[in-house]
Amino acid sequence: MKDTKFLEYRRLLVGAEKEARERLAHERPGINIQTHGDAIDNLIEALDREQSITTSMRASEVLRDIRAAFARMEDGTFGECVRCGEAISQKRLLALPWTPNCIRCQERIDEQRQDNDSLEAA
Ligand SMILES: [Zn+2]
């Protein structure tokens with residue numbers, strides 16, 4: 001990849017990886033199951049726990065994407081969409097340097113995801 005922003009993407013990825021790790025480390029204690037107090041307290045705790053789990057799942061997803069992005073930097077395919085092989089725009093990479101997909105493929109993925117969501121809800 002001949003993108004002049006390569007070093008900047010790398011710097012962004014290093015920062016994002018650190019942040020995702022910190023978020024995971026911070027969220028873990030929230031997953032401990034504690035049952036005490038009344039029903040409302042338990043409910044609030046359950047919701048908090050769910051929130052923590054969602055947050056750490058997201059952080060681990062991002063972390064996985066970040067590691068994959070580092071691997072693509074190693075093999076020289078960073079900045080190419082893993083689905084269609086088109087170049088991912090600089091703007092998109094600066095916002096989401098770990099993204100494996102170009103905007104068009106991402107839109108398709110999001111559409112499919114929404115379809116799945118509405119099927120599950122029905
Ligand atoms: Zn694509």
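Q: Which residues in helix 2 do Arg10, Leu13, Ala16, Glu17, Ala20, Arg21, Arg23, Leu24 and Glu27 in helix 1 meet?
A: The model is a predicted one, and in it helix 1 spans residues 6–27 while helix 2 spans 39–75. The helix 1 side of the contact includes Leu13 and Ala20, both of which also belong to the largest nonpolar core. On the helix 2 side, the partners are Ser52, Thr55, Ser56, Ala59, Ser60, Val62, Leu63, Ile66, Ala69, Phe70 and Met73.

Q: Are helix 1 and helix 2 roughly parallel or roughly antiparallel to each other?
A: The two axes come within 9 Å and cross at roughly 150°. Angles over 145 degrees count as roughly antiparallel. Helix 1 also passes helix 2 in a left-handed crossing. The crossing angle therefore makes helix 1 and helix 2 roughly antiparallel.

Q: What is the order of elements in the protein from the N terminus on?
A: The protein has 4 helices and 0 strands. Read from the N terminus on, the elements run α-α-α-α.

Q: Which residues does isoleucine 88 touch, not counting residues up to four places away in sequence?
A: Ile88 is one of the residues of the largest nonpolar core. Its contacts include Leu93 and Cys102, which are likewise members of that core.

Q: Does glutamate 22 count as buried or exposed?
A: Glutamate 22 is found in helix 1, and its C-alpha is 9.2 Å from that of alanine 59, a residue 37 places away in sequence. Because glutamate 22 has 11 C-beta neighbours inside 10 Å, it counts as exposed.

Q: How many residues apart in sequence are phenylalanine 6 and glycine 79?
A: Phenylalanine 6 lies in helix 1 and has 14 C-beta neighbours inside 10 Å, so it counts as partly exposed. From C-alpha to C-alpha, phenylalanine 6 and glycine 79 are 8.9 Å apart in space. Their separation in sequence is 73 residues.

Q: What is the distance in space between arginine 67 and leucine 13, C-alpha to C-alpha?
A: Arginine 67 is found in helix 2 and, with 14 C-beta neighbours inside 10 Å, counts as partly exposed. Arginine 67 and leucine 13 are 54 residues apart in sequence. Their C-alpha to C-alpha distance is 8.9 Å.

Q: Which element of the protein has the lowest mean pLDDT?
A: The protein averages a pLDDT of 87, and 87% of the residues score at least 70. Among the elements, helix 3 (residues 90–95) has the highest mean, 95. The lowest mean, 86, belongs to helix 4 (residues 103–121).

Methods:
Residues numbered from 1 in each chain as written. Predicted model: local features only at pLDDT ≥ 70, side-chain atom pairs only at ≥ 80, totals over all residues. pLDDT = per-residue confidence, 0-100. Helix = DSSP H or I, 4+ residues; strand = E, 2+ residues; numbered from the N terminus. Core = buried A, V, L, I, M, F, W, Y, C linked by C-beta atoms within 7 Å. Buried ≥ 20, exposed ≤ 12 C-beta atoms within 10 Å, placed from the backbone. Contact = placed C-beta atoms within 7 Å. Axes fitted to C-alpha atoms, helices over the stretch in contact; angles between N-to-C directions. Parallel < 35°, antiparallel > 145°, perpendicular 65-115°, else oblique. Left-handed = near helix turned anticlockwise from the far one by under 90°.
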